[in-house]
Amino acid sequence: MKRLLWPLAVLIVPAILGAAGLIVAHAAPPAPTASPDKIAVPGPAAPTTPASATPAPATTGTASGRPRAAPAPRPRPRRTGPWAVVSAYYQDINSHHYARAWALISSGLATGQTYQQFVAGYACTGTERPAKLGQYGHQVRFNLTVVNDCTGSAQYYTGTDTVRGGKIVAADVTRTG
């Protein structure tokens, strides 16, 4: 009987550890934007081309003329650490997962935009690369490089986002160059 328990234990223990590892991996944590000079909330960067050269925003309504609701983001592991949330917001913008990025903004954070305006504001945004400068409690300070695909130029920002409950609840981002 003892001879059977040892090989059985060799098979069962790794299986249990593997299952626990999968649970931990799926629960582990997995990235806001700017107007020309300063923004107070996460949102799309304002176009840097003159208004006459700015491409028209995407259609904001359905064939019946009714506005579209923001699509429901796909479920993903909950990211609650401040830097993880800020990083996820920018990753979602870079991947054009706007509904996911929108979901990372607290409903209490007044963006002054509809979801459609939020998405249309990223029409010329190529990539946004945040670089963490520091974290103090719920606040993350970062530098941000934004590449404008319409002009090919890069813009530079510095900002602070406040994250609570896995959502960005306040943002202060200022253009630096």
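Guide: Happy to! The buried residues of H2 are covered by, among others, helix H3 (98–103), H4, S2, S3, S4 and strand S5 (167–175). Keep in mind that this is a predicted model.

Visitor: How many residues of H2 are buried?

Guide: 10 of its 13 residues are buried, so H2 is largely enclosed by the rest of the structure. Among them are Pro82, Val85, Tyr89, Tyr90, Asp92 and Ile93.

Visitor: What span should H2 have, and what do its end C-alpha atoms say?

Guide: H2 covers residues 82–94, and at 1.5 Å a residue its 13 residues should span 18 Å. The end C-alpha atoms are 19 Å apart, which agrees.

Visitor: Which residues touch the most other members of the largest nonpolar core?

Guide: Tyr89, Ile93, Phe118 and Phe142 do, in a core of 23 residues. H2 gives the largest share of this core, with 6 residues. The elements that contribute two or more residues are H2, H3, H4, S3, S4 and S5.

Visitor: What happens just after H2?

Guide: There His96 takes a positive phi of about 60°. His96 sits in the loop between H2 and H3, and it has that positive phi although it is not a glycine. As background, most residues other than glycine have a negative phi.

Visitor: Let's zoom out. What pattern does the protein chain follow along the sequence?

Guide: The pattern reads α-β-α-α-α-β-β-β-β, with 4 helices and 5 strands in the protein chain. Of its 177 residues, 34% are buried. The accessible surface is about 10,200 Å², and 62% of that belongs to carbon and sulfur atoms.

Visitor: And what pLDDT does the protein chain average?

Guide: The average is 72, and 54% of the residues score at least 70. Over residues 19–41 the pLDDT stays under 50, and the model has 65 contacts beyond four places in sequence for them. Residues 44–62 are also below 50 in pLDDT, and that stretch has 36 contacts beyond near neighbours in sequence.

Visitor: Noted. How many disulfides does a search of the whole structure find?

Guide: The search finds 1 disulfide. Cys124 and Cys150 form it, with their sulfur atoms 1.8 Å apart.

Visitor: Where do Cys124 and Cys150 lie?

Guide: Cys124 is in the loop between helix H4 (115–120) and strand S2 (125–136), while Cys150 is in the loop between strand S3 (139–148) and strand S4 (154–164). The pair therefore ties together parts that are 26 residues apart in sequence.

Visitor: Is that disulfide left-handed or right-handed?

Guide: The torsion about its S-S bond is about -80°, so the disulfide is left-handed.

Visitor: Does Cys124 count as buried or exposed?

Guide: Cys124 has 8% relative accessibility and counts as buried, because the cut-off for that is under 20%. Cys150, at 42%, counts as partly exposed.

Visitor: One last spot. Where is Gly134?

Guide: Gly134 is in strand S2. With a relative accessibility of 10%, Gly134 counts as buried.

Visitor: What is Gly134 in contact with, leaving aside neighbours within four places in sequence?

Guide: Gly134 is in contact with Gln139, Val140 and Arg141. Here's another pair to display: Gly134 and Trp83 are 51 residues apart in sequence, with their C-alpha atoms 9.1 Å apart in space.

Terms used: Residues numbered from 1 in each chain as written. Predicted model: local features only at pLDDT ≥ 70, side-chain atom pairs only at ≥ 80, totals over all residues. Heavy atoms only, no water. Buried < 20%, exposed > 50% of the residue type's maximum accessible area, 1.4 Å probe, protein only. Areas by Shrake-Rupley, 256 points an atom, 1.4 Å probe, with all protein chains shown as cover. Disulfide = S-S within 2.5 Å. pLDDT = per-residue confidence, 0-100. Contact = heavy atoms within 4.5 Å. Expected span 1.5 Å × (residues − 1). Core = buried A, V, L, I, M, F, W, Y, C linked by side-chain atoms within 4.5 Å.
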